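Please open the model in your viewer and keep the selection panel at hand.

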Amino acid sequence: MAKVTGEALDMAIEQADQPTFKDYITLAKMGIVRANLITVFAGYVVAASYITDDVLLYLWQTKWMLLWTLLGSGLVIAGSCYLNNYVDRDIDYKMERTMGRPSVTGKMDGQRILALGLGILATGTVLLLIVNHVAAVFGLIGSFVYVVIYTMWLKRTHTINTVVGGISGAVPPIIGFAAVTPTLHIDAWILFLIMFVWQPPHFLALAMRRTEEYRAAGIPMLPVVNGFAITKRQIVWWIAVLIPSSLLLAHYGIIYMIVMALLGGYWLYMGLKGLKIQDEQAEIKWASKMFFFSLFYFTAWIVTVVLVSL
């Protein structure tokens, strides 16, 4: 067996502490990036349907603009997530789902994360500027709300953090729409509205599932501060608002209307059933079902919007 020298062991330990490609991806929160890019694409397709009858041909003809839009948006979102990780280093170690992040374990120091975040955000903004300035401005608005308004301020101070933070998650379809036509159609704002209203019931259900983690981290999420009963009522109210909001796109046709009415109606039914539950463990189980159905709703909505626009 080969002898392992002290120098080789020191080098192995040093290399083990170096961040890996996976660490860089982790800080970018690729789940968030992918979900938002889907809505960017949806906004792009919807906008294209207003200027041409052959959307598929338009997508091919403008493939490079679509690529810059998606790449620029993805980098703006990823850079914002880096900055979020930088700011939250002092609380992420208290939560099970975030304590393994490189920003917490020390595999990447704060200054590197900050520099990378700003650099990635700047690069994404430049790419969106290549598309047009309106898309770039909305990208920066989404980033500012997420990093400054949500992460640095409301997340740590107020239960309304989920609602206001939803603005950043609702901006991507506008970026996609603006990439095609900077003069935004009313439907761009309806897409924004639907995404904005969808997020509170989605994230409040997640907050119920992670209540103890948020409490340990000192984050004033609604179920931590006001309990499950009020949180469940808030979830139901937001779903009730989401149903008519989604139907504002009635001109997308009868198939769209039926799909969205059924999805919204069933989600509301699930929510109303949860109001009767009193046992805490059963409430958490209900919240899990609501959370995963919210993901199904989101996916089905996006697919429907894209298909009826083609």
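The model is predicted, so local features need pLDDT of at least 70 and side-chain atom pairs count only at pLDDT 80 or more, while totals for chains, interfaces and linings use all residues. Residues are numbered from 1 along each chain as its sequence is written, and side-chain values use heavy atoms, with hydrogens and water left out.

Select Thr151 first, in helix H9 (residues 133-157); helices are DSSP runs of H or I with at least four residues, numbered from the N terminus. Thr151 is buried, its relative accessible area being 0%, where buried means under 20% with a 1.4 Å probe and protein chains only. Its side chain makes a polar contact with the side chain of Asn84 at 3.0 Å, and the side chain of Thr151 also reaches the backbone oxygen of Tyr146 at 2.6 Å. A polar contact is a pair of N or O atoms within 3.5 Å, one able to donate a hydrogen and the other to accept it; residues adjacent in sequence count only if both atoms are side-chain atoms.

Next, select helix H10 (residues 161-170) and helix H12 (residues 186-209), whose axes come within 8 Å and cross at roughly 135°. Axes are lines fitted to C-alpha atoms over the stretch in contact, with angles from 0 to 180 degrees between N-to-C directions. H10 and H12 are therefore oblique to each other, a class left over once angles under 35 degrees (roughly parallel), over 145 (roughly antiparallel) and 65 to 115 (roughly perpendicular) are set aside.

Definitions and conventions:
Helix = DSSP H or I, 4+ residues; strand = E, 2+ residues; numbered from the N terminus. Buried < 20%, exposed > 50% of the residue type's maximum accessible area, 1.4 Å probe, protein only.
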